[in-house]
Amino acid sequence: MRKPSEMFDRDYEWSALSRFITDEQPGATLGVVSGRRRQGKTFLLDAACRAEEGFYFGATEATDTESLRRISAALTAHVRPPTPYHFADWSEVVDSLLALGAERPVPVVIDEFPYLVKANPELPSIIQEAFRPLREQRASSRTRMLLCGSALSFMGRLLSGNAPLRGRAGLELVVRPLDHRLAAEFWDITDPHLAMKVNAIVGGTPAYRREFARGDSPSGPEDFDDWVVRTVLNPETPLFREARYLLAEEPDLRDTALYLSVLGAVTDGNATRGGIASHMERKATDIAHPINVLEDAGLLHKDSDAFRENRPTYRISEPLIAFYHAIMRPVWDQLERPGSASRVWQASRRRFVSNVLGPHFEQVCREWALHHADPDLLGGLPARVGHGIVHDTRARTGHEVDVAIVGIPDGSRRPPLLGIGEAKWNDTMGAAHIERLRHIRELIARGGRYDTERTRLFCFSGGGFNDKARAEAETSHDIRLIDLPTLYGRA
């Protein structure tokens, strides 16, 4: 299939869809496409249907009867049969969709599939029966059916455990946000410092530039503050209320106030379950369910501590939600009044750096180490990259490690700790930061959990490095200084 010229990147996703859709083997196949809203799933699948003259149907919140009427009309317009379709049930619908692939592989997309299941919970079982291995209608068809949805909690359960469709799907494709490098390219930002600040607010969601900001991108570093005021903090733009809508659109988030409070607690630096509960003045058991629901919805992510067992921390997965809770929610009444955005932003910039930009920079450093860094630079291929607290029992204190790069264990040996790092957005890093990392490495070695024989020390900085730090890096084989151009692949 030929990818549309107007589609930015998504090469991996398009290739996966192409292989699935154009597979010439006999027998209908089923695929599942999921991802958070605004990532371009509909555009991707609609383009695939157009490329191969397939059938696309976008479900809406409606009764089962109305949905049957809508898909009857849509399939009638697509096939143009002698008499219009009037489907009485979904078994008839699925068999008619299988019939589309009688002569060639053809894509059939049912978008927003959770809406249909909400009105008719038996639909997954109906599709399971239709895709029974030896069933004639399936065997004689080459329909490539794709079920798509944005409700991650629902889509995650669709193929898991004892779900009816488990084992039926030949494709599971997750359309993820663009990473920080692709996001900078998409927003047409060449300055790494500016790109990181924009990414800390809108992340890698494509729709936020094209539809929500109407193509408005900061023209340069000096335009950043004005851009925030005229887009994200402007009540006239869709971005202004987007964070609230993201919560409202998740079907499992019924008590919105409770979930907002959990996210607000995390934004204020309460990263552990106990810290969240204490901030909300509740018992830890009381918030277990909302935390799990937010995880399933892809809005909250649990990170295990690299140095302590059973001490996970939580972070907000969607940058715009973190920005909303740190900057917008506390002064929402002021922001809703036209003309107040500039005044609010001037008073909020320090909080933006400490509560939004700093933590986001640390996460980008971890993702760079896991997905972008040359293994030769790290001293090996990372198995996982995290963060955690290293305790100094003698001094009775703890040291936070922003980036912990764990390698692949060799047989029965302890996992190698490829590197530990400190990430500072605003600070110019020097020899003191390197000495601190050396001390932490010694503490980790005493603990015996990791092999630290070749552990390297990484300093990540958005503010640069002084001469002493550069001199240390030049004379020591185990020190690496990582600046913003390196994180963005422009060093």
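Reader: Why is isoleucine 110 called buried?

Author: Its relative accessible area is 5%. Buried means under 20% relative accessible area, exposed over 50%, and partly exposed in between, using a 1.4 Å probe and protein chains only. Because 5% falls under the cut-off, isoleucine 110 counts as buried. By the way, this is a predicted model, where local features need pLDDT of at least 70, side-chain atom pairs count only at pLDDT 80 or more, and totals for chains, interfaces and linings use all residues. Residues are numbered from 1 along each chain as its sequence is written, and side-chain values use heavy atoms, leaving out hydrogens and water.

Reader: Which residues does isoleucine 110 touch?

Author: Leaving aside residues up to four places away in sequence, isoleucine 110 touches Phe57, Leu97, Leu116, Leu146, Leu147 and Cys148. A contact means heavy atoms within 4.5 Å.

Reader: And where does isoleucine 110 lie?

Author: In strand E3, residues 106-111. Strands (E, at least two residues) and helices (H or I, at least four) are DSSP runs, numbered from the N terminus.

Reader: Is aspartate 188 buried or exposed?

Author: Exposed, because its relative accessibility is 59%. Aspartate 188 sits in the loop between helix H9 (180-186) and helix H10 (192-202).

Reader: What is the phi of aspartate 188?

Author: Positive, about 60°, although aspartate 188 is not a glycine. Most residues other than glycine have a negative phi.

Reader: What makes arginine 214 exposed?

Author: Its relative accessible area of 61% puts arginine 214 in the exposed class. Arginine 214 is in the loop between helix H11 (207-212) and helix H12 (224-230), and its phi is positive too, near 55°.
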